[in-house]
Amino acid sequence: MKKKILSLFVIALCFSNGNAEAQTKSIEGTLLAPTPPMGWMTWNYFADSINEKDLREMADAMVSSGMLKAGYDHLFIDDGWQGGRDNKNNIIADPQKFPSGIKALADYVHSKGLKLGIYSDAAPLTCAGYTASLNFEEQDAKTFASWGVDYLKYDYCGAPDDMEIAKTRYKSIADALRKSGRNIALGICEWGERKPWLWGAQTGGQLWRTTADVRDKWKSLTPVNNRSELHSTGAGILDIVDYSQDYAAYSGPGHWNDMDMLVVGLYGKKGPSGDLGGVGCTDTEYQSQMSLWSILNSPLAATNDVRNMNAETKRILLNDEVIAINQDALGKQAVCRIRNESWSVFVRPLANGDYAIAILNRSEATQNSKINFAELGLNETYEIRDLWEHKVVGKGKKWNGKVKSHETKMFRLKKTK
Ligand code: GLA
């Protein structure tokens with residue numbers, strides 16, 4: 001009997017890590033989102049004050065600033081584009097905001113070499129109170145496909161708490177997208193409340209948010225006792241890392257833990273990421289967000305004003321060596337090997353046999369780091385490349401150096417003799 005229970009447990013374990021088997025494929029049979037999706041998302045900068053003129057400008061700026069070339073290839077429209085339904089119940093765009101319609105915008109975005117993302121919700125209304133897709137899943141998926149949409153973020157405001165209902169609602173939109181005749185990747189957005197890493201891929205999603213909405217701040221000012229409290233305290237960069245790092249087993253090609261948007265370059269802008277203490281971060285902290293989102297395999301959705309980026313924001317968002325870690329073909333999310341009050345140290349293997357490591361100083365003061373790579377399970381001798389300095393900074397079995405408060409050092413280690 002005991003043996004039987006044990007083998008059932010082993011089978012269950014295999015399945016729990018077996019997201020890859022159950023994934024939705026593209027029409028051609030390849031993976032949708034083989035690497036974490038990248039792009040620029042409207043929400044933190046514009047909230048629901050979006051319109052086709054601004055979005056065309058953003059698309060232009062994504063090309064001229066080098067964002068597209070660096071890999072940010074989606075323009076994700078978030079909440080606020082909807083204008084209700086027509087007399088045949090087809091969902092329509094707000095005619096004031098999008099007088100030419102979403103199809104024309106999709107055509108424009110595609111002509112620039114970008115893909116278009118759109119937004120809806122698994123209830124009658126979205127989080128900001130606009131028309132959503134419950135009971136119209138097939139009709140809306142067909143509409144999105146006919147417009148040329150490539151990605152759908154599907155929110156969960158106004159929907160029941162129950163996990164089984166959430167699974168059913170996400171499966172119903174995923175099935176509808178599959179039937180639509182177009183490849184449309186699905187981003188699940190229920191804030192990690194119902195453990196979507198356990199079922200997100202099986203229901204047909206390519207990614208799922210792990211926490212409440214990101215705020216433009218380093219961390220919550222009051223202690224956070226559980227994930228749900230992040231909705232009221234506001235989730236800072238460090239809070240999201242702490243509440244996302246344990247699900248590495250569920251992340252991989254076609255199925256990703258989504259740590260929410262990048263706040264890099266927002267500098268405390270008023271708006272969705274500016275409330276609940278979102279007064280802005282230092283460039284050191286923004287650099288940490290980029291490093292940690294990259295090593296932890298999160299989708300990278302910038303939300304700053306791409307039309308007006310300062311040199312620091314460009315340096316951070318366009319760091320090709322850090323982006324290469326995020327987009328590495330092996331798709332292995334880093335695991336945390338050292339975690340104490342002062343440090344978090346993450347390690348991930350890469351497709352070519354190298355390792356990436358990120359050393360985060362959690363404390364409020366500059367500290368000296370003395371890391372023997374063996375402590376991280378890396379027992380060889382390595383050439384050490386600093387991915388922010390863009391140069392090889394040493395060779396050996398350890399790294400010693402200063403790390404500023406809230407800074408993250410990021411290295412690529414290559415086995416050498
Ligand atoms: C929720 C989501 C956000 C954003 C808003 C839009 O809060 O978590 O990312 O999409 O809704 O209303």
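Strand 1 (residues 38-41) and strand 10 run parallel and are joined by three bridges. Here strands (E, at least two residues) and helices (H or I, at least four) are DSSP runs numbered from the N terminus, and two strands pair if DSSP finds at least two bridges between them. The model is predicted, so local features need pLDDT of at least 70 and side-chain atom pairs pLDDT 80 or more, while totals for chains, interfaces and linings use all residues. Residues are numbered from 1 along each chain as its sequence is written, and side-chain values use heavy atoms, leaving out hydrogens and water.

These two strands belong to an open sheet of eight strands, in the order 9-8-7-6-5-2-1-10, with parallel pairing. At its edges, strand 9 (256-258) and strand 10 (300-302) each pair on one side only. From one strand to the next, the twist averages 25 degrees, with axes fitted to C-alpha atoms (for helices over the stretch in contact) and angles running from 0 to 180 degrees between N-to-C directions.

A pocket is an open set of points on a 1 Å grid over the protein atoms alone, where a 1.4 Å probe fits, with protein on both sides within 12 Å along at least five of seven lines; lining residues have an atom within 4 Å of a point. Of its 23 lining residues, Trp 43, Cys 127, Asp 155, Trp 191 and Asp 213 are the closest to the centre.
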